[in-house]
Amino acid sequence: MDLNYETAKKKLLTNKDKDCQRFFVENGYILENAYYELLSENLEKAKNLFRAIKNNDIRAHWADFMISLIEENIKEYPSYFELRNFLEIDLNILLTYFKGNYVEKIIRYCDFLFTINPEVHKYIGRVFYNNGYFEQGMFFLDRAKNYFYHDPELHYLLAYIYYNNNDFAQAKKALDDCLSILPKYFPAENLLKQIQEKII
């Protein structure tokens, strides 16, 4: 099968195979090839590839840092924006590939990462919840609430989860908290109306 970039990338994100790696190597896609090696648990190869381009590629800089978390050998720090843009995506990829050992090592540093980006616990909680790990997801979302209470998106996310579990009282409370922080937040107002219709 002939591959183009989008097809090869999709294969990497859902079903890693040698065809997509061959495409990345032959066409000079260093970042994508590095992720292939990371998912293949070839950390040294992945690290060398990321480091070859990390000064010019923010995603590679982040991925190199992520490997340092996995190896418990931190020498540099990520930026606020790297955590916002890539932590959730890459944890999701690692869970898709059953790399729970990597995920566990990364999230051990959540309190440290929180000092760089206070939304870290929310990102981790959302990844776990979206991958079917409800208990772990709620654990991190509750920690997010304790650490960074004034985040309206977090309260809305909790409300949405409670709503989907038919816990309308908790959902309403979370929405009230959300709207007290950010009045007129449309998604929260809209969900609150849906709850009130169900309660009546």
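Modeller: Helices (H or I, at least four residues) and strands (E, at least two) are DSSP runs, numbered from the N terminus. In this predicted model, Arg59 lies in helix α5, which spans residues 58-70. Residues are numbered from 1 along each chain as its sequence is written. Because the model is predicted, local features need pLDDT of at least 70 and side-chain atom pairs count only at pLDDT 80 or more, while totals for chains, interfaces and linings use all residues, and side-chain values use heavy atoms, with hydrogens and water left out.

Colleague: Is Arg59 buried or exposed, and which side chain does a polar contact join to Arg59?

Modeller: Buried means under 20% relative accessible area, exposed over 50%, and partly exposed in between (1.4 Å probe, protein chains only). Arg59 has a relative accessible area of 19%, so Arg59 counts as buried. A polar contact is a pair of N or O atoms within 3.5 Å; within protein, one must be able to donate a hydrogen and the other to accept it, and residues adjacent in sequence count only if both atoms are side-chain atoms. Such a contact, of 2.6 Å, joins the side chains of Arg59 and Asp90. Contact in the wider sense means heavy atoms within 4.5 Å, and, leaving aside neighbours within four places in sequence, Arg59 is in contact with Leu31, Tyr35, Phe86, Ile89, Asp90 and Ile93.

Colleague: How should I read two packed helices, and at what angle do the axes of α6 and α9 cross?

Modeller: Two packed helices are described by the angle between their axes and the distance between the axes. Axes are lines fitted to C-alpha atoms, for helices over the stretch in contact, and angles run from 0 to 180 degrees between N-to-C directions. The axes of α6 (residues 80-96) and α9 (residues 120-130) come within 10 Å and cross at roughly 30 degrees. That angle makes α6 roughly parallel to α9, given that angles under 35 degrees count as roughly parallel, over 145 as roughly antiparallel, 65 to 115 as roughly perpendicular and the rest as oblique. Among the residues making the contact are Leu83, Leu87 and Leu91 of α6 and Tyr123, Ile124 and Val127 of α9.

Colleague: How many residues of α9 are buried, and which helices do those buried residues pack against?

Modeller: α9 is mostly covered, with 9 of its 11 residues buried, and the buried residues pack against α6, α7 (100-107), α8 (110-114), α10 (134-147) and α11 (152-164). Just after α9, Gly132 takes a positive phi of about 90 degrees.
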